[in-house]
Amino acid sequence: LALMLQHIYNDERGVTCFDRYFDHLKHVAPSWPPALRDFAQDDARYVLNGPRTLHDAWLWQLRVHKMNSPTGVTTSVELELELAADQSRLKLHYLDVNGLHTQLTPLRWPDKPVDLLVHEFSQDDGGMFRHVLVFDRGVQVDIRFGGFGVA
């Protein structure tokens, strides 16, 4: 797995383990904004199969929006995924974005879609949130943000 993940890990057999991540969420997520807390703690978003899982979703669009405000420029990001279960689209909105790191070119077969393998939410010491999405073939998205919504 990507080095960007803090709590999801591969064990000695190479199995992806979520136990530390879900334990971490139990402690920190209750203080998060409701939309973020509810989405991050929804087990159905992490299972291998199911109508709401993000596993195997395809990255459909990634949009960055910049707006001038009285306090300066604000950035928001819209990440659109196509869910594998029914090809429906899910839009994740990140507000007050202060960091976006991506690797969007697959390491091989660049003309084929990439599947989402795992995703992880966390919060840094400064209070900013982070969502790391790891796709197959080396594609990754790492967003640091202050607000979150789902459409």
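## Exercises on a buried glutamate, a core and its rings

E120 sits in strand 7, residues 116-123 (strands are DSSP runs of E of at least two residues, helices runs of H or I of at least four, numbered from the N terminus). The model is predicted, so local features need pLDDT of at least 70 and side-chain atom pairs pLDDT 80 or more, while totals for chains, interfaces and linings use all residues. Residues are numbered from 1 along each chain as its sequence is written, and side-chain values use heavy atoms, leaving out hydrogens and water.

**Exercise 1.** Find which side chain of opposite charge is nearest to E120, and which backbone nitrogens the side chain of E120 reaches.

*Solution.* 
- Step 1: start with burial. E120 is buried (under 20% relative accessible area; exposed is over 50% and partly exposed in between, with a 1.4 Å probe and protein chains only).
- Step 2: look for a charged partner. Lys and Arg count as positive and Asp and Glu as negative, with His and the chain ends not counted.
- Step 3: turn to the backbone. A polar atom of the E120 side chain lies 2.7 Å from the backbone nitrogen of Q6, and the side chain also reaches the backbone nitrogen of H7 at 2.8 Å.
- Step 4: list the surroundings. Not counting residues up to four places away in sequence, E120 touches M4, L5, Q6, H7, I8, Y21, R130, H131 and V132 (contact means heavy atoms within 4.5 Å).

**Exercise 2.** Work out which residues of the largest nonpolar core touch the most other members, and which element gives the largest share.

*Solution.* 
- Step 1: apply the rule. A nonpolar core is a set of buried Ala, Val, Leu, Ile, Met, Phe, Trp, Tyr and Cys residues joined through side-chain atoms within 4.5 Å.
- Step 2: Of the 36 residues, W32, L92, Y94, F121, F135, F145 and F148 touch the most others.
- Step 3: assign elements. Those giving two or more residues to this core include helix 1 (19-28), helix 2 (34-40) and strand 4 (72-82). Strand 8 supplies the largest share, five residues.
- Step 4: inspect one member. F135 is in strand 8 and is buried, with a relative accessible area of 2%. Its contacts, leaving out residues up to four places away in sequence, include A57, L59, L81 and V141.

**Exercise 3.** Describe how the rings of F22 and Y46, and of W32 and F129, are arranged.

*Solution.* 
- Step 1: set the rule. Rings of Phe, Tyr and Trp (its six-membered ring) pair if their centres lie within 6.5 Å; planes under 30 degrees apart are stacked, over 60 edge-to-face and the rest tilted. The count comes to 13 aromatic pairs.
- Step 2: take F22 and Y46. They are edge-to-face, at 5.3 Å centre to centre and 85° between the planes. F22 is partly exposed at 25% relative accessible area, whereas Y46 is buried at 9%.
- Step 3: take W32 and F129. This pair is edge-to-face too, at 5.4 Å and 75°. W32 lies in the loop between helix 1 and helix 2 and F129 in strand 8, so the pair ties together parts 97 residues apart in sequence. Both residues are buried.
- Step 4: widen the view. W32, F39, Y94, F121, F129, F145 and F148 form one aromatic cluster.

Key. Salt bridge = Lys/Arg side-chain N within 4 Å of Asp/Glu carboxyl O. Polar contact = N/O pair within 3.5 Å; in protein donor to acceptor, adjacent residues only side chain to side chain.
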